[in-house]
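Morning, everyone. I have one structure to walk through today. Please have a look at it before I start.

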Amino acid sequence: MPFYDKLRYGIKLLLSKDKEFYSFLYGLTGFCPRDVEIYKTALRHSSLNRRNGEVKIVNNERLEYLGDALLNAIVSDVVYHANPVADEGRLTRLRSQMVCRATLNELAEKLGLTSHLRHSVTLQSHNCSMGGNALEAFIGAVYLDRGYSDCRKFICRRVLPEYDALKSRTMVTKDYKSLLIEWSQKRHVKIEYVLEQTTYDNHKNPIFHTAVFINDERMGFGVGYSKRESQQLASKNAATKMSLAM
């Protein structure tokens, strides 16, 4: 670490009200966070229902939306340049393996994000997407706090190397949505995911009901505690009907 970076880190750490969390952020990202609160928001699940002064729910959903877009864009760029002869279907499958929910959940665990994630106890038992969602929200926070360049560096230096480590353990993810999308691209057919209904369980957690349409024909249906989960289950249902193999 350069001398002035060490000095800046030391001063900010000394002045920080939450030294442990600030130190965690620095160790994870490699730079001094400018706005610690935005990272706390990234690790605050909507189940807490905390409200700020403007009477708006403060949670990580907006940051998750932003981080998801950034992660897909940056990974797409990396995959595109790393595979110069791969066709669109192959590129889509490679990217999907890297940003699928199961992979992101494991990455969030390895990066230490889940140990700082705040959520309700009742949600933990059935929502398997919180870690991956928090990682996406954290990426959104890095972008807002440090800009695109540092956000890309964080993904390339910390997220992608951890993905390679997971892949070396022969982690296999069945991504039925990518399978359907690749199939449809090769045949130039229209595929669309439609959220048909949102219900709530006994703890008021949302349950998403999604159908997948191929050339306007309803081919599959899935129910899950996240939109992605319901889309995956709908895709699996459709792939089974169509006898598509992973």
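Let me begin with a definition: two strands pair if DSSP finds at least two bridges between them. Keep that in mind for the sheet. One caution as well: this is a predicted model.

Now, the sheet. It is open, with three strands in the order β1-β2-β3, and the pairing is antiparallel. Which strands stand at the edges? They are β1, residues 191-200, and β3, residues 217-224. Each has a single partner strand, so one side of each is left without a neighbour in the sheet. From one strand to the next, the twist averages 20°.

Take the first pair. Strand β2 covers residues 206-214, and nine bridges join β1 to β2. The two run antiparallel. Y193 stands opposite V212 in β2. V194 stands opposite A211 in β2.

Stay on A211 and look the other way. Its bridge partner in β3 is F221. So much for single residues; here is the second pair as a whole. β2 and β3 are joined by seven bridges, again in the antiparallel sense. Their hairpin has two residues between the strands. There, N215 takes a positive phi near 50°.

Is β2 mostly covered or mostly open? Mostly covered: eight of its nine residues are buried.

For α10 and α11, the axes come within 7 Å and cross at roughly 55°. That makes α10 oblique to α11. The crossing is left-handed. On the α10 side, the contact residues are Y176, K177, L179 and L180. On the α11 side they are Q231, Q232, S235, K236, A238 and A239. By class, that contact divides into five nonpolar, three polar and two charged residues.

Now another helix pair. Helix α4 spans residues 61-82 and helix α5 spans residues 88-99. They pack at an angle of about 130°, and their axes are 10 Å apart. From α4, L71, N72, V75, S76, V79 and Y80 take part. They meet L91, L94, R95, M98 and V99 in α5. Eight residues of this contact are nonpolar, two are polar and one is charged.

Last stop, helix α2, residues 19-29. Which of its residues are buried? F21, Y22, F24, L25, Y26, L28 and T29. Just after α2 comes G30, with a positive phi of about 85°.

Then α4 packs with α5. That's my tour; over to you.

Terms used:
Residues numbered from 1 in each chain as written. Predicted model: local features only at pLDDT ≥ 70, side-chain atom pairs only at ≥ 80, totals over all residues. Heavy atoms only, no water. Axes fitted to C-alpha atoms, helices over the stretch in contact; angles between N-to-C directions. Helix = DSSP H or I, 4+ residues; strand = E, 2+ residues; numbered from the N terminus. Contact = heavy atoms within 4.5 Å. Nonpolar A, V, L, I, M, F, W, Y, C, P; charged D, E, K, R; others polar. Buried < 20%, exposed > 50% of the residue type's maximum accessible area, 1.4 Å probe, protein only. Parallel < 35°, antiparallel > 145°, perpendicular 65-115°, else oblique. Left-handed = near helix turned anticlockwise from the far one by under 90°.
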